[in-house]
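Have a look at the fold, then read on.

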Amino acid sequence: MENDKKLQENKENKHMTLMTEGSIFKNLLFFSIPLILGNLLQQTYNAVDSIIVGNCVGSNALAAVGAGTSLINLLIAFGQGAAVGAGVIIAQYLGARDSKNIEKAVHTSVAIAFALGAALTVLGMLFTRKLLIMMNTPAEVLDDAAKYLQIFSLGLVFNVLYNMAAGILNSAGDSKRSLVYLAAAAVTNVVMDILFIVVLKMGVVGAALATDISQAVSCVLAFAFLMRVPADYKVRLRSIRIEHTMMMRVVRIGLPTGIQNMVISLSNILLQSSVNGFGAAAMAGFCAYMKIDGFTVLPALSFSMAVTTFVGQNYGAGRIDRLKKGVFVTIIMCAVYTFISGIALLIFDRQVMHLFSSDESVVEYGIDAMKYFCPFYWILGTMHAFAGAVRGTGHSMPPMIILLVSMCLLRIVWIIFILPYFETIDGIFVLYPTTWGIGAVLMAAYFFKACWLGGKRFLEA
């Protein structure tokens, strides 16, 4: 009997990494690397969409794909928030080795993801064209942008379910699985892009279909593993249902993050509307740079996700001393990466932009954005590292408020009262590092001064 129990524990340990013991730096680094590579892969196949569309279809088509980016982020915001909420709760239960509640949290989270994904698919199909019109999308871009978004919306249920599956895997310290599944999705996306856009000449419709198929692949692979893994977080189809108490826990932590993502996406829609006013070339240039931007921002967010899991597990295990050290290790890693990547982009700015378009006006808009963004990515990374650490303890409301003030409210105030005094698009680009800096200062002030860590301030706990 004892041997059977040990055998089962050994099987579970193969698929689960608890970060409550061992080297803090190695735990965070080895957990972060697959997340970073996964996000880079995801960004790569998004960039491939834009590169192929920009070179094979044209600048207007590239602008059409770019016009939908902020709306896509809006549609998936709640799904990402739910995944964060579920991940924090499962990580804490894993740290506490509470098998019963791990099972409840996993199956409730999957049920929430399916319902949310289905709802977002319907909303995306019905309302994206109206939102594009409200965003002042130029007439020469509108039809393609609407087609792209409506077809993309068909795959939203796969997107939300995959994000939830990745959240479950990450909470167990298994970030390598997500990397494998994203690699499969990336290869699928590139192959489908070539088939639909280059061979079959389907334009933006082909780009959207390629993305939908790739998201379905990653979703199916992730759940195929979760349904057979011999661990407490295994998914059983017959057990997928919403348990009310657990749902409220997921919502309590995930809803603020979802609202935060949604409102920030709304502010980005306002910014996109302002960019649209400068014409199709500005839209295409900004779209191209936003694809490049992800290669720095997404790894920074990966460090934030890593520290959320690290803090969640150590907080659940009562390892406050270890938790505190992990936060500063994360900030240092995040700052080093964002500084190096930002400098690299500035050095190779023109070569990178020419991957997307040979139109010099498009290239110049992208390079202009790069000059405002790249020197300050480390500030954005620091802000998200602080926010991720606080979320790991289950306190997701304060980071939401701070990020909404800095990355939404201040941006709206800028757009209404300050942007009209700028005659060039620089008035939009300078807004990004400005709001990052304010957000980082506010987040650091809360982190050190507020009583969020077990009812104590960080430096007192």
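1. First, what I call a cavity: on a 1 Å grid over the protein atoms alone, a set of points where a 1.4 Å probe fits but cannot get out, with lining residues having an atom within 4 Å of a point. The model is predicted, so to speak for local features pLDDT has to be at least 70, and side-chain atom pairs count only at pLDDT 80 or more, while totals for chains, interfaces and linings use all residues. Residues are numbered from 1 along each chain as its sequence is written, and side-chain values use heavy atoms, without hydrogens and water.

2. There are two cavities of 30 Å³ or more.

3. Two or more lining residues each come from α2 (24-56), α7 (156-171) and α9 (203-226), with α7 giving the largest share, three. Helices here are DSSP runs of H or I, at least four residues, numbered from the N terminus.

4. By class, this lining has three nonpolar, five polar and no charged residues. Ala, Val, Leu, Ile, Met, Phe, Trp, Tyr, Cys and Pro count as nonpolar, Asp, Glu, Lys and Arg as charged, and the others, Gly among them, as polar.

5. Now the helix pair: the axes of α4 (69-96) and α10 (244-276) come within 7 Å and cross at roughly 150 degrees. Axes are lines fitted to C-alpha atoms over the stretch in contact, with angles from 0 to 180 degrees between N-to-C directions. The contact of α4 with α10 has 18 nonpolar, 13 polar and one charged residues.

Technical notes:
1 Å grid on protein atoms, 1.4 Å probe; cavity = no way out; pocket = protein on both sides within 12 Å on 5 of 7 lines; lining within 4 Å. Points joined across faces, edges and corners; volume = space filled by probe spheres on them.
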